[in-house]
Amino acid sequence: MRSGRLDEAAEGFSAIVKASPAFAEAHLNLGLAYEEVGKNEAAITSFQKALSIKPRLRGANLFLAIAEYRLNDLDKAVAALRKETSYYPADANAWMWLGAVQLAKSQPEDAAQALDKAAKLDPANVDILYHRGRAHLLISKDSYENMFKADPNSWRVHQVLAQADAESDRHTDAIAEYQAAIKLAPQQPGLHEELGTEYRNAGQIEPADAQYRAELEIDPQNISVRFKLGTLQIERGRPAEAKTLIEAALQQNPAIPDAHYYLGRTEMQLGNDAAAIAEFQEAVNGKVDPDIAQQAFYQLALVYRRQHRMDDAKAALAQFEKLKAQAGEHQQQLYEKKRQNQNANVKESPQQP
């Protein structure tokens, strides 16, 4: 079978079955040989014979289910896979197939449960991740459709539409939907923050500022909004207020990502070069977004140059150029991968183990 000589393999296993009809593994292997050449009915007969001899034979119910799935006998496939997963609950492949067949039966919620278990057992399996994502996507779609039917004028509907627009970079449309949601639920936590972020993405700094402040009126302990409002003040040229807001957010959560970079920006605007250098160095030495690290080295180069520390400025600028080149290479790789995926045929059914 490994060399691809499937007909010969089937003949060999048939001979073994005739010589030893009670040898369950031989019936299993004969079924696999039949399945490989598309003889699914014969494969099912062999798998069933193997299971009649050894009901808990590992893999027999799984491959029986695959053959039944290919013959569109989905109920029988699910029954066989339930047996396989009950006998061997650590078999990620069996859980994946159970989820895939349940997707074929238009049962995304049941499929998601099976595929979540598969993903925990084998988190790097791309087939599992594909089917799991598809199951959850269908659940979300069904949930949103039911929400629209239940109350098409709900603020939640406008929020969902706004989030969809935001994810598609349609910021003007997202702003309109968030405004509609806020009109219906003006005190709902989170809406003003989301609207503020869309204003900021659209380059509308003043409205973004107003929405972040409105969110803090509703939720004074919101660390995320406090930090966003602080970083926004850097863009507005208000470093003192920015520093106060960012430091207040850090007191609530000392582990805010990228906070030291933004504090460095505030100190730089305030003319505190030594403090700015310390914050930028803290940023590049910690766990920060690669883009933020790149910008931190650039800002470091500017501050060093302002202090006439030319060697340090050259070193920081070299790090900036290195990270910039790496980012460009990574972006090119993502582009190539996306192009290849677009050209590839999308497989709706999982690969056979």
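A: Ser106 counts as exposed, because its relative accessibility is 62% and the cut-offs are over 50% for exposed, under 20% for buried and partly exposed in between (1.4 Å probe, protein chains only). This is a predicted model, where local features need pLDDT of at least 70, side-chain atom pairs count only at pLDDT 80 or more, and totals for chains, interfaces and linings use all residues. Residues are numbered from 1 along each chain as its sequence is written, and side-chain values use heavy atoms, with hydrogens and water left out.

Back to Ser106: the residue sits in the loop between helix 6 (92–104) and helix 7 (108–121). Helices here are DSSP runs of H or I, at least four residues, numbered from the N terminus. Ser106 isn't a glycine, yet its phi is positive, about 60°.

His308 also has a positive phi without being a glycine, near 65°. You'll find His308 in the loop between helix 17 (290–306) and helix 18 (310–343). With a relative accessible area of 67%, His308 is exposed.

Helix 4 (residues 60–70) is mostly covered, with ten of its eleven residues buried. Among the buried ones are Leu62, Phe63, Leu64, Ile66 and Tyr69, and also Asn61 and Glu68. They pack against helix 2 (24–36), helix 3 (40–53), helix 5 (74–87) and helix 6, where contact means heavy atoms within 4.5 Å.

Now for a helix pair. Helix 9 (residues 155–167) and helix 11 (residues 191–201) pack at about 30°, with axes 12 Å apart; the axes are lines fitted to C-alpha atoms over the stretch in contact, and angles run from 0 to 180 degrees between N-to-C directions. Helix 9 and helix 11 are therefore roughly parallel, a label for angles under 35 degrees. From helix 9, the contact uses Trp155, Gln159, Gln163 and Ala166, while helix 11 brings Leu191, Glu194 and Glu198. Sorted by class, that contact has three nonpolar, two polar and two charged residues. Nonpolar covers Ala, Val, Leu, Ile, Met, Phe, Trp, Tyr, Cys and Pro; charged covers Asp, Glu, Lys and Arg; the others, Gly among them, are polar.

On to the aromatics: rings of Phe, Tyr and Trp (its six-membered ring) pair if their centres lie within 6.5 Å, and the count comes to six aromatic pairs. Tyr298 and Phe320 form one that is tilted, at 5.1 Å centre to centre and 50° between the planes; planes under 30 degrees apart would be stacked and over 60 edge-to-face, with tilted for the rest. Tyr298 belongs to helix 17 and Phe320 to helix 18, 22 residues apart, and the pair links distant parts of the chain. Tyr298 is partly exposed at 33% relative accessible area, whereas Phe320 is buried at 9%. Elsewhere, ring pairs link Phe227, Tyr261, Tyr262 and Phe280 into a cluster.

At 13% relative accessibility, Asp273 counts as buried. Leaving aside residues up to four places away in sequence, Asp273 touches Val303, Arg306 and Gln307.

Methods
Helices (H or I, at least four residues) and strands (E, at least two) are DSSP runs, numbered from the N terminus. Angles under 35 degrees count as roughly parallel, over 145 as roughly antiparallel, 65 to 115 as roughly perpendicular and the rest as oblique.
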